[in-house]
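Me: Hi! I've got a new model open and would like to talk it through. Can you help me find my way around?

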Amino acid sequence: EGVAAVVALWETRRDENRERAGYSLTLSAPTNFDAHNLSVAIRRRRRALGEVGEDVMTLRASDAGGAEARVFDLPLAVGDRVRLFQRTNAVIGGSSPVVGNIGRNGSVLEVRGISDAGLTLRAASGTEGLVSWSSLRDRASEHILLDYGEALTTNTAQGSTVTDHIHAIPGGTKTVSAYGAYTSGSRHRDQNYLVVSDGAERTEVAARRPLG
């Protein structure tokens with residue numbers, strides 16, 4: 001229910017400010033796992049709205065390097081917003097292409113094309129280029145370092161300034177420190193929304209209550 005509440009709030013804020021010039025809305029969560037689940041739910045909603053196409057391929061992806069990293073299936077489609085986990089180069093340009101940086105850890109880009117050669121990605125600046133699969137692959141595990149980018153972690157979101165921000169804690173506040181709460185709670189110019197799971201909080205309280 002926590003994830004569903006966040007998606008509903010995200011859609012409401014976006015719809016109410018669709019015609020507002022310069023409006024921006026971001027979403028952060030404490031962990032990569034929370035950010036992934038929120039992003040999957042928002043992607044599902046965006047597809048229902050016609051903003052994400054049909055899946056073209058499914059990658060074996062990871063949100064960190066090394067053999068012990070969390071690994072998951074990542075279906076990709078044109079229109080997806082994806083998050084990078086390392087500095088990434090792309091072939092940029094048409095008639096005279098050059099190889100240049102298109103993003104770094106935490107950058108969110110839009111998928112414009114999917115092929116055997118790699119992903120055609122567009123950055124927020126408008127720069128578009130072809131990123132080869134080898135540029136996205138972790139050398140140790142061979143997994144693709146990529147995830148959906150509808151929601152970011154608190155650490156990744158720090159430094160950004162937006163009109164409205166949603167700080168989502170669907171897994172309970174046991175994963176949040178005072179520093180993290182401040183970081184996610186100070187991204188906005190206008191409004192910040194804090195969404196916490198009542199069920200997760202009550203479960204933790206019950207588990208930590210002294211016997212007797």
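**Starting from one serine**

Reply: Happy to! Serine 135 has a relative accessibility of 24%, so it counts as partly exposed. Keep in mind that this is a predicted model.

Me: Which helix is serine 135 found in?

Reply: Serine 135 belongs to helix α3.

Me: And what is serine 135 in contact with, leaving aside neighbours within four places in sequence?

Reply: Gln86, Thr88 and Asn89.

Me: How many Å separate the C-alpha atoms of serine 135 and serine 197?

Reply: They are separated by 38 Å, with the two serines 62 residues apart along the chain.

Me: OK, switching to the sheet. What is the strand order?

Reply: The order is β3-β2-β10-β4-β7-β8-β9-β5-β6, an open sheet of 9 strands with mixed pairing. From one strand to the next, the twist averages 50°.

Me: Which way does β10 pair with β2, parallel or antiparallel?

Reply: Parallel, over 2 bridges, with β2 covering residues 57-62.

Me: What about β4 and β10, parallel or antiparallel?

Reply: Those two run antiparallel and are joined by 3 bridges. Leucine 84 has leucine 146 in β10 as its bridge partner. β4 (residues 81-84) also pairs with β7 (residues 108-115), in the antiparallel sense and over 3 bridges. In that case arginine 83 is bridged to valine 108 in β7.

Me: How many of β10's residues are buried?

Reply: 5 of its 5, so β10 is mostly covered. Helix α2 (residues 32-48) lies across β3, β4 and β10 (144-148), and runs at about 60° to β10.

Me: You mentioned leucine 146. What is leucine 146 in contact with?

Reply: Beyond its neighbours within four places in sequence, leucine 146 is in contact with a list that includes Leu59, Phe72, Val82, Phe85, Leu119 and Leu136. Leu146 is also among the residues that touch the most other members of the largest nonpolar core, along with Leu74, Leu76, Ile102, Leu119, Leu121 and Leu136. That core has 22 residues. Elements giving two or more residues to this core include β2, β5 (88-92), β8 (118-122) and α3 (133-136).

Me: How many residues does the second core have?

Reply: The second core is separate and has 15 residues, including Val6, Ile42, Ala168 and Tyr193.

Me: Which element gives the most to the lining of the largest cavity?

Reply: That is α2, with 4 residues. The residues lining this cavity include Asn32, His36, Asp63, Arg83, Asp147 and Tyr148. Both α2 and β10 supply at least two residues of the lining.

Me: And what volume does the largest pocket have?

Reply: About 1100 Å³. It is lined by 36 residues, and the closest to its centre are Leu25, Thr26, Arg81, Val108 and Ala124. Two or more lining residues come from each of α1 (2-16), β1 (25-29), β7 and α4 (154-157).

Methods:
Residues are numbered from 1 along each chain as its sequence is written. This is a predicted model: local features need pLDDT of at least 70, side-chain atom pairs count only at pLDDT 80 or more; totals for chains, interfaces and linings use all residues. Side-chain values use heavy atoms; hydrogens and water are left out. Two strands pair if DSSP finds at least two bridges between them. Axes are lines fitted to C-alpha atoms, for helices over the stretch in contact, and angles run from 0 to 180 degrees between N-to-C directions. Contact means heavy atoms within 4.5 Å. Buried means under 20% relative accessible area, exposed over 50%, partly exposed in between (1.4 Å probe, protein chains only). A nonpolar core is a set of buried Ala, Val, Leu, Ile, Met, Phe, Trp, Tyr and Cys residues joined through side-chain atoms within 4.5 Å. On a 1 Å grid over the protein atoms alone, a cavity is a set of points where a 1.4 Å probe fits but cannot get out, and a pocket is an open set with protein on both sides within 12 Å along at least five of seven lines; lining residues have an atom within 4 Å of a point. Grid points are joined across faces, edges and corners, and a volume is the space filled by probe spheres set on the points.
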